[in-house]
Each structure stands twice: as C-alpha cells, then as structure tokens.
Amino acid sequence: MRDEPVLTVSDLSVTFGMGRGAVHAVRGVSFDVRPGEVLGVVGESGSGKSVSALAVMGLLPPNARVSGSVRLLGTELLGASDKRLADFRGRALSMVFQDPLSALTPVYRVGDQIAEALMVHRRLTRAQAARRAVELLDLVGIPSPEQRAMAFPHEFSGGMRQRAVIAMAIANDPDVIICDEPTTALDVTIQAQVLDVLRKAQHETGAAIVLITHDLGIVAGFVDRVLVMYAGRPVEVGTVDEVYYRSRMPYTLGLLGSVPRLDRGEHGRLVPIVGNPPSPAALPEGCPFSPRCPLVVADCRSAEPPLLPVRHGGHLAACVRAGEIDGGDLPPERIYRAPERAAPRPVHAPREEREVVLGVDGLVKHYPLMRGAVFKRRIGTVRAVDGVTFDLREGETLGLVGESGCGKTTTLMEILRLVRPQAGTVAVLGRDISALASSQRMAIRRDMQVVFQDPMSSLDPRMTVYDILAEPLRTHGRRDLGPRIQELLSLVGLEPRHAARYPQDFSGGQRQRIGIARALALSPRLIVLDEPVSALDVSIQAGVINLLEELKERLGLSYLFVAHDLAVVRHIADRVAVMYLGRIAEVGAVGRVYDSPMHPYTQALLSAVPIPDPEKERARRRILLEGDLPSPASPPSGCRFRTRCPLFKAIGEAERLRCVDEEPRVRPMGGDHGAACHYAESLDVL
Amino acid sequence: MAGFLARRLLNYVALIVVATSLAYMLAASALNPRSNYEQRTPPPPPAVVDARLDELNLNDETPLFQRYLRWSWGVLRGDFGRTVAGDEVNADLARRAGVSLRLILVGLFVGSIAGVLVGALAAVWQYGVFDRLTTGASFIVLAVPTVVLANILIIGAVWFNDLVGAQIFLVSGETTPGLEGGLPAQLFDRLRHLVLPTLSLSLGLIAVYSRYQRNLMLDVLGADFVRTARAKGLRRRTALTRHALRTALIPAATYFAFTFGALLTGTTFTEKIFGWHGLGERLIDSIFTNDVNTVAAISCLAAFAVLLAALASDLMQAVLDPRVRMG
C-alpha cells in the first residue's frame with residue numbers, strides 16, 4: 001500500500017468564464033492516490049468534485065481554464081496535447097460516469113463499444129477484441145455474456161449498463177479508475193451489486209480508485225481515505241476512521257450529523273446545517289463555510305484557513321479552530337445542537353382506536369402494453385399495482401418504500417386521482433372514493449394535499465410565492481388571504497416578507513418549503529408526499545425533514561410518505577410498507593421491520609443500504625440479490641420475489657413448489673407486522 | 001417487418017389514389033382547354049373543336065365524372081392520356097422526369113453531404129469564426145430568392161468565363177446540341193452544364209441542412225456517451241465523428257429523404273433559369289396551356305415521390321437507429 005503515488009494532483013484550480021462573472025469551481029485541490037488505494041471525495045452538489053474529476057481526465061469543455069498539476073505515473077497531464085492524453089485515457093486512467101443510461105452510445109452494440117476501448121490501445125484483431133469484450137462482460141457479472149455483447153444499450157437495464165461501463169473502464173488494466181457518483185442513478189440493491197463489481201474490478205486490476213460521491217454511507221464502507229470538499233476546496237482529509245470518528249472541521253461534523261441513520265431508531269431531531277452552500281460565483285469573504293458555521297469567530301472572516309495537519313498523521317483540516325476541537329476544548333457533540341422541540345411529543349391513543357385516514361384495499365392499476373407505431377395493438381399488461389392493501393391512521397406517518405418500478409408512485413397517483421380504481425377500494429377519511437359526487441371530491445381534495453419530489457418543476461416559475469399559496473385558498477373560496485399566507489410562510493420557516501418573490505429567487509430547500517406551505521394552505525388532515533427530500537442535499541434535507549416532523553406534531557397531520565431512501569423513512573415514519581413488483585412484501589411498525597425484517601426482500605433491501613459508520617460498515621454482511629427486477633408485464637408465477645430470493649435457493653425442492661405455485665399473502669407476524677412470504681423468518685441485517 | 005411494410009404500402013397506394021383523383025378533378029374543372037382553340041385566328045368551327053376535345057378527353061361539355069372515369073381507366077392501364085397538343089403524356093413526362101432526377105439527385109447528394117459537414121463543424125467550433133461565417137452565409141442564402149441566387153451564379157460564371165477566356169461553365173440546357181466526340185467528351189460536357197444548376201439547388205439545401213445539423217450536433221456534443229468515448233482513449237476528432245455525428249445523423253437522414261419528395265416538382269425556378277426541361281417547368285407550363293392530363297399526371301408523380309420519400313425515411317431510420325429496429 002505505501003508505494004509511490006500513481007496519481008498526484010496538486011493545487012488544481014478550474015475557472016469558467018472571465019473577469020467579474022468568472023466561476024471558480026475548483027480552488028486548489030491536492031491529493032494523491034497509491035496503487036490499490038481507494039480515495040473517497042465527498043461533498044454536496046456544487047462543491048466541485050465532478051469538475052475536479054473531469055479536469056484530471058482532461059475532459060472539461062474548452063471554456064474551462066485549468067491550472068495546477070496532475071501527474072500520472074510521473075507524467076504531467078495538464079497542458080498535454082489531446083493525442084498524448086488520449087493515449088493515457090482508457091489505458092492508465094479510466095473513468096466511470098454517473099448516469100449509465102446515457103453513458104453508452106445508443107447506436108452501437110455493447111460488445112463493440114467495449115471492443116473499441118481495447119482496440120484503441122492494443123494491437124488486437126476484431127475477433128480477439130470481441131472475445132475479450134465477452135470475457136470482460138462475464139467478469140462484471142452480466143449473465144450469458146456472448147448474447148448480451150450483441151445487444152444494444154437500450155436493451156440493458158441501468159445496472160447492467162453501469163456494469164458494461166465498468167467493463168470498459170477496466171478493459172486495459174488501468175492504474176487509476178475515477179468513479180463519478182457511479183451508483184447515484186441506481187436502486188439500492190443494484191447499487192450494492194455495482195459496488196461489489198467495482199471491488200472485484202479493483203481486485204482484478206490492482207488499480208487505485210477515486211470514488212466521488214455525496215453518499216457518506218458508501219464512503220464509510222468502500223474507501224481507505226477520504227477528502228471532504230466544500231465550495232471548490234478540500235476542507236478535511238484523512239483516513240476514513242479519522243475523518244468519521246475524529247472530525248476536526250465543523251462542516252464534516254455537520255454533514256455527518258445531518259444524515260438520517262438506518263441503524264438508529266430513536267426519533268430525535270436531525271441536526272441541519274443552517275443556510276445554503278455558497279454559489280461558486282459569489283463566495284463569502286474568508287472561510288466559505290463561515291456563514292453557516294456554529295463556531296465562527298472574527299478570524300474566520302478575515303482569511304481562508306489553509307489545510308493544515310491536525311495531531312494525527314495524514315489528517316488535515318482547514319479550520320482556524322481545528323486545534324481547539326482536537327484539544328478537547330470544544331467537544332464535537334456540543335458544537336451542533338439539535339433544535340429544541342416546540343412542543344412535547346403528542347400522546348396518541350393506541351393505534352387500533354384511532355381513525356383510519358386512508359384505507360387502501362386490494363388496489364389494482366394495470367396499464368395496457370401497446371406495440372406498433374401506426375397500427376397499435378395490445379401485446380400485454382403492465383401490472384404496475386397488483387393488489388395493494390394498507391391503512392394509515394390519524395397522526396401517523398406511513399412510509400411506502402421500494403425500488404423504481406415497484407409501483408409506489410402509481411399507488412400514490414391512483415389515490416390522488418380520486419376516481420374509482422380498476423379493482424379494490426380506496427377510502428379517504430372514511431369515504432369510499434369510487435362513489436363520490438364532484439362536490440364531495442372537492443371536499444376531499446381540501447383534506448388531502450400533496451407535496452412533489454422536484455421543487456423546481458412543481459412550482460410555476462411565473463407566479464409569485466403569494467400567488468402560489470393563494471391559488472388553493474381562492475379555489476376553495478377563502479377570502480382575506482394576506483394574513484393566512486403570512487402565517488403559512490412563517491409556519492414553514494420562510495420570511496413572510498418574501499411573498500412577492502418568484503420561485504427562482506429561492507434555493508432548492510426553500511422551494512420545497514414553499515411546496516409544503518402550499519399543501520398546508522387548506523389545513524388538510526392528510527398529506528401525501530412523493531419523495532419530498534430526495535432532490536435535496538443532505539445538509540438541507542435534514543431541515544426539511546425536521547420541518548415535516550414538527551408540522552405533523554403541531555397540526556395533527558397524517559403523512560403517506562413515498563420514498564426510496566430507507567434511512568429517511570426510518571427517521572420520519574411510524575410504520576413502513578415495503579413494495580415489490582406491485583405488491584406489498586412487508587408492512588409493520590418501523591422499529592419492528594427495520595430491526596427484525598421478516599421478508600427476504602426487506603432483508604436484502606436493508607442490508608444493501610450503506611451506513612455512514614466505517615466500523616459498522618466493515619462488519620456488515622450484504623445480502624446481494626441476483627439480477628434485475630423482473631418486468632411488471634410478466635411477473636413470476638407464485639411469489640414474485642422467488643426469482644431473486646436468497647431464501648428460495650436455500651430451502652428444499654418440496655418447499656419451493658409452494659413458492660412457485662402459490663402467491664403469498666401478507667400474513668401476520670405478531671401485532672400489526674406482516675410479511676408476504678411462506679417461509680418468513682427474522683434476520684438482523686443492520 | 002414484412003407485414004408492417006405491406007400494410008404501410010397499401011396505405012400509401014390508397015393515399016396516392018385519393019390525391020391524384022382530387023388533383024384531376026380540380027384541374028379538369030378549373031382549367032379550360034377549349035379557350036386554347038377560341039383564341040386562334042380564325043377560330044376553328046365548334047364542331048371541329050368538340051371533336052378534337054372529345055378525342056383528347058378534355059371536352060368540358062362531357063360530365064366531369066364521365067371524363068374522370070375514362071381518364072382513370074386509362075391510368076389503370078398505365079396511360080395518362082394525351083396533352084393538349086395531342087402528344088402522349090407518358091413519353092413526355094418520362095423524359096422530363098429523367099431530367100429532373102439528374103438535377104435533383106446530384107443537388108441533393110451535394111447539398112446533404114456539404115450541409116452535414118458544415119453544420120457539424122459549425123457545432124464543434126460553436127461561436128468560432130467558421131460558425132459565425134456559415135451562420136451568416138446560411139441566412140443570406142435563405143433570404144435571397146432562388147431566382148436572384150441563380151442569376152447571380154450565372155453572372156458570376158459569365159464573368160469568370162470572360163476572365164479566363166474560355167467557356168468553363170455552361171449556363172443553359174443539359175447538353176450542347178450537336179456536340180461531336182466520344183463518351184468522355186459527352187460526359188464532360190454534361191458535367192459543365194450541371195455545375196451551376198446543382199450549385200444553385202444545393203446552396204439552398206446546404207443553408208437549411210447545416211442549420212438543422214448544427215443544432216442536432218450541439219445536442220449530442222455534451223452527451224455523456226461522447227465523454228465516455230473520449231474516456232476510453234479515443235481522440236477528440238474520432239469520438240466526435242464516430243459517436244457524436246453518427247448519432248446526430250439519425251434525425252437528419254430522415255429529413256433529407258423527405259426533401260427529396262418535395263424537390264421533384266419544386267425546382268421550377270432552377271429548371272426555368274438554366275433551361276433544363278424538367279417536371280417543375282412542365283407543371284407551370286401545363287397550367288398555362290390548360291393541359292389537364294399533364295397536370296394530373298405530374299400531381300400523381302409528386303404524390304408518389306412524397307410517399308416514396310416517406311418510406312425511404314422510415315427505412316433509413318430503421319437502418320440507422322437500432323432502437324427503432326427492435327421496437
């Protein structure tokens with residue numbers, strides 16, 4: 001491990017544009033990576049991590065000005081000609097990009113694209129390259145690689161495409177692989193598979209990996225050393241244990257404190273970092289973190305603190321008070337204070353006695369699968385939601401979780417449509433929606449509101465915040481809107497005097513608060529939230545989650561919370577329903593389901609989520625699922641999960657018959673905990 | 001795929017029948033061949049005119065539907081009838097279609113290739129000198145009517161011929177009448193005639209295509225797969241041609257195929273000015289001479305060309321884009 005570094009980056013800076021409008025995206029990044037080492041680069045969006053990676057690869061657009069030094073195996077890459085760089089790229093230095101869906105050229109076969117990577121750098125015949133491409137596809141775990149090599153990218157799932165991109169990256173035995181958010185676009189079980197492939201690829205090639213990510217959990221389990229970036233600069237560098245357990249930069253501390261944890265059950269408030277990350281076009285004076293820092297002193301604003309060693313070797317932090325934190329004068333746990341609860345936690349009656357706010361029973365939504373451009377014909381049925389049953393009681397949050405394609409968003413849309421479902425019943429506040437007159441439907445719309453995922457596109461950019469909030473009130477005939485809108489804005493933590501502004505004047509987190517205020521305008525009893533925090537950075541996300549929790553307690557709301565982030569759901573939800581291929585796999589109180597999951601799918605799902613705790617992460621055992629989600633147009637017979645189920649493989653021939661023939665129903669596992677598995681048994685996966 | 005093609009062809013045939021029938025009825029009721037005879041001095045006796053018009057199936061006193069039936073029966077047997085002068089429409093149009101095709105095919109070929117190249121390069125050097133120059137030039141060409149453009153070309157060519165003291169560019173017709181010499185000499189003569197009309201035709205096409213291709217190319221230049229290609233170790237130029245341009249060609253190619261259909265009868269000005277006796281010229285002439293059968297026959301050809309182009313564009317897309325092939 002302690003050989004000479006293969007890649008040395010020193011004082012790398014990237015500037016876009018000129019003069020006053022110049023954007024300093026990267027401002028002096030230095031690091032080195034040794035053979036076989038994994039360096040994690042973490043930071044929020046806009047921190048300059050991806051731009052640094054592209055600068056190292058020499059793939060920035062021509063309007064970027066790059067300075068500093070990038071040395072690969074002793075050769076300076078900055079300023080080298082395209083010809084020279086092309087010789088290094090793909091051979092000594094390769095890259096895996098974030099979005100596998102667009103990373104492959106749509107018009108060439110996958111095998112040919114991998115072969116191309118080989119033939120650029122080696123003297124191989126077409127046949128030899130094709131054979132090697134098949135071997136590489138096999139190495140990254142693509143089933144029946146000979147046939148799959150002949151496929152076009154659109155015939156691959158996202159996970160398979162990312163495997164193909166990894167195959168391309170390791171084709172020429174590189175010395176360094178840069179992975180830019182390699183799993184961000186993937187589902188969590190697929191993420192676990194891809195990380196596994198990356199680990200295998202590293203083992204195979206002995207390459208150093210630079211892993212760029214915003215996910216502190218992935219960093220904890222995958223990397224040796226970590227570099228935390230903020231506003232285009234590294235603010236803390238060290239081994240993963242040093243940085244996670246002995247953080248010396250308040251930003252790192254704040255970041256780690258603001259992540260909801262999958263392995264922590266207690267419902268304390270999260271600790272958000274106040275404010276927003278600065279725009280790279282308008283950085284504050286001095287330390288760029290100073291406006292958000294709880295420890296800020298006058299010195300912070302005078303000059304930007306350099307990255308200096310703290311006590312332990314190799315651990316660097318850029319903070320004037322790092323010494324005090326290190327010396328024990330400032331205990332880390334006292335730097336950030338969890339916000340006080342406004343009111344004591346409300347005491348609810350036992351669950352069974354509370355009113356059912358939303359009752360869904362056997363809900364079905366099938367889409368016809370059509371084919372042909374001119375003459376359309378039905379060739380099948382997509383069973384998006386295929387018999388979903390759950391109930392949500394007053395004052396409760398039900399988390400609906402599952403991977404993409406499991407039907408959670410379709411379920412939510414069917415509930416919001418308020419028309420008779422194809423099959424099954426939906427009852428909102430005790431009223432069956434299939435038999436509603438339009439005036440009753442209007443009344444239910446007032447009691448049931450929605451918050452959408454994307455705070456950019458869910459607010460009309462041509463309306464002021466006042467108009468956005470006034471619209472639902474006017475629609476339902478409210479007069480004298482001014483005071484109510486002021487009240488709503490202060491309720492969600494925004495300045496009432498900002499009502500005249502437009503959505504574009506607000507940051508992502510603030511926009512989501514406007515979306516929440518709009519949902520609250522009519523004092524609803526039930527709010528449906530579709531991935532409300534997944535578009536936000538962690539430090540911002542914590543604030544929005546806290547707000548949602550506080551509003552629920554103060555206003556006695558009930559939430560149906562659709563999300564794919566299991567840690568967020570554990571934090572915010574009282575009960576959780578796990579969906580797989582249009583059906584509920586497991587449902588129950590959050591503590592029960594997370595601590596002793598019964599369904600093999602829930603177990604795999606939970607074990608796939610990385611925890612931002614290096615020691616725990618290293619000790620965990622992952623249950624890796626094989627393959628991708630089957631198509632909802634042709635779900636497997638019997639139990640839908642059996643094709644990927646680890647339990648199905650473990651049980652005997654005779655017992656398997658039941659899984660193949662009989663579709664399991666959700667059966668009680670004690671209390672209101674239920675799992676749809678014939679052979680469910682508890683397993684601790686955290 | 002075969003069943004799909006058969007259905008589509010059937011669809012097209014029906015469309016051609018409807019379009020041609022409507023064109024015939026419109027021409028037969030709006031044009032008045034009788035006036036051709038009335039203007040003669042001295043006017044021929046009405047009985048002679050009627051007999052002549054009946055013979056040509058152009059008599060406006062015969063009910064329209066009856067004329068239509070006789071005409072369509074002829075068309076079914078592959079005979080588009082006779083012109084007002086009494087010649088066969090088939091023979092006349094066959095010759096003229098050949099002339100138009102020779103002009104269009106070369107023009108389209110030059111126009112699309114040069115258009116793609118200019119557009120792609122302009123995108124790669126976005127906001128550079130080349131991009132600015134070609135953008136400016138395209139808009140000038142688009143703003144100048146073909147008539148003016150063609151005449152500027154002629155003036156330029158004549159000036160050039162005078163300057164070098166030899167007939168390098170020939171500005172009228174397809175061939176030099178009465179030219180002696182073997183095949184190479186004939187070909188060379190045709191080529192010299194072809195340069196100017198082709199240029200006048202393709203300049204307009206280049207202007208349109210290059211704008212179109214530039215935008216398509218800009219869309220893919222920043223695409224992730226182009227970055228992946230470069231990360232593999234491809235040089236910038238290779239990545240741009242092999243990955244970016246190849247993908248950006250798909251929508252452009254279908255667009256080219258469609259212009260071909262529209263051009264077949266749309267090169268009237270070019271044909272007129274350079275003295276090429278093609279279909280476009282004939283269409284205008286036949287309307288002036290009240291030549292119902294020729295108008296209907298050219299409409300039929302145009303409909304056929306447009307639908308052939310649509311089919312070609314579908315096939316081209318299927319060949320270029322694997323996503324369409326599968327779906």
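1. In which sense do strand 15 and strand 21 of chain A pair, and over how many bridges? Strand 15, residues 397–401, runs parallel to strand 21, and four bridges join the two. One position in this pairing is A:Val401, which stands opposite A:Val578 of strand 21. The model discussed here is a predicted one.

2. Strand 21 of chain A also pairs with strand 22, residues 583–589, this time in the antiparallel sense and over six bridges. Within that pairing, A:Ala577 has A:Val587 of strand 22 as its bridge partner. The two strands form a hairpin with two residues between them, and A:Leu581 takes a positive phi near 50 degrees there.

3. Strand 21 itself covers residues 575–580 of chain A and is mostly covered, with six of its six residues buried. A:Arg575, A:Ala577 and A:Met579 point one way from the strand. A:Val576, A:Val578 and A:Tyr580 point the other way, and the residues of both sets are buried.

4. Helix 19 of chain A has 18 residues, 538–555. From its first C-alpha to its last the helix reaches 25 Å, close to the 26 Å expected at 1.5 Å a residue. Just after the helix, A:Gly556 takes a positive phi of about 65 degrees.

5. Which residues of helix 19 of chain A are buried? They are A:Val538, A:Ser539, A:Ile540, A:Gln541, A:Ala542, A:Gly543, A:Val544, A:Ile545, A:Asn546 and A:Leu548. Their cover includes helix 10 (250–258), helix 18 (508–520) and helix 20 (566–572), also of chain A.

6. An unreviewed UniProt entry lists residues 7–256 and 369–606 of chain A under "domain: ABC transporter". In the model, the span 7–256 is 39% helix and 26% strand, and its end C-alpha atoms lie 28 Å apart.

7. Chain B has 14 helices and zero strands. Its C-alpha trace spans about 85 × 60 × 40 Å along the principal axes. Of its 327 residues, 35% count as buried. Among contacts in chain B with a separation of 6 or more, 71% come from residues 24 or more positions apart.

8. Is B:Ile113 buried or partly exposed? This residue of helix 5 (residues 89–124) of chain B counts as partly exposed, because it has 14 C-beta neighbours inside 10 Å. The C-alpha atoms of B:Ile113 and B:Ser202 are separated by 9.9 Å, although the two residues are 89 residues apart along the chain.

Note on methods. Residues numbered from 1 in each chain as written. Chains lettered and ligands numbered in written order. Predicted model: local features only at pLDDT ≥ 70, side-chain atom pairs only at ≥ 80, totals over all residues. Expected span 1.5 Å × (residues − 1). Buried ≥ 20, exposed ≤ 12 C-beta atoms within 10 Å, placed from the backbone. Contact = placed C-beta atoms within 7 Å. UniProt positions renumbered as here; feature names shortened; annotations may be inferred. Pairing = 2+ DSSP bridges.
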